[in-house]
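Have the structure open while you go through them.

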Amino acid sequence: YIQDVNSHALVKRVHETLSSQGLSEAEFLDLCAAPGGKSIGLAFLGHTGVAMDESPKRLEIMKENLTRLGLTEKIRIHGPKDIR
């Protein structure tokens with residue numbers, strides 16, 4: 001999965017911080033998540049979490065990415081209809 005350098009640096013930092021604090025099992029919450037680069041990066045490193053975005057179109061791209069990469073069980077997606 002191609003990821004820009006800033007997203008990669010953030011994923012690496014979050015993973016290292018959680019691991020160093022003994023929180024490798026902690027779930028993440030990614031707001032404005034679509035198309036999923038940061039969430040997917042964290043999932044590849046073994047984390048699970050929730051990804052949210054207000055754009056249904058971008059969430060569809062994220063769902064396609066998760067399916068293609070076999071990560072649908074690691075990330076739960078919520079969109080505008082789920083936020084009340």
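The points below go from the ground rules to the sheet, its strands and the helices.

1. Ground rules. This is a predicted model, in which local features need pLDDT of at least 70 and side-chain atom pairs count only at pLDDT 80 or more, while totals for chains, interfaces and linings use all residues. Residues are numbered from 1 along each chain as its sequence is written, and side-chain values use heavy atoms, with hydrogens and water left out.

2. The sheet. Three strands make an open, parallel sheet in the order β1-β2-β3. Because β1 and β3 stand at the edges with a single partner strand each, one side of each has no neighbour in the sheet. On average, neighbouring strands are turned by 20 degrees against each other, direction ignored. For the terms: helices (H or I, at least four residues) and strands (E, at least two) are DSSP runs numbered from the N terminus, and two strands pair if DSSP finds at least two bridges between them.

3. β1 (residues 28–31) and β2 (residues 49–52) pair in the parallel sense over four bridges. Phe28 stands opposite Gly49, and Leu29 has Val50 as its bridge partner. On to β3 (residues 75–78): four bridges join this strand to β2, again in parallel, with Val50 opposite Arg76.

4. Strand faces. In a regular strand the side chains alternate between the two faces of the sheet. β1 has a covered face with Phe28 and Asp30, and an uncovered one with Leu29 and Leu31. In β2 both faces are covered: Gly49 and Ala51 on one side, Val50 and Met52 on the other, are all buried (under 20% relative accessible area; exposed is over 50%, partly exposed in between, with a 1.4 Å probe and protein chains only).

5. Crossovers. β1, α2 (residues 37–44) and β2 form a right-handed β-α-β unit, and β2, α3 and β3 form a right-handed one too. Right-handed here means that, with the strands pointing away from the viewer, the path from the first strand over the helix to the second runs clockwise.

6. α2 lies across β1, β2 and β3, at about 160 degrees to β1. α3 packs on the sheet, touching β2 and β3, and its direction makes about 165 degrees with that of β3. Contact is heavy atoms within 4.5 Å; axes are lines fitted to C-alpha atoms, for helices over the stretch in contact, and angles run from 0 to 180 degrees between N-to-C directions.

7. Ile61. Where does Ile61 sit? Ile61 is found in α3 (residues 56–69), and counts as partly exposed because its relative accessibility is 38%. The C-alpha atoms of Ile61 and Ala34 are separated by 7.4 Å, with the two residues 27 apart along the chain.
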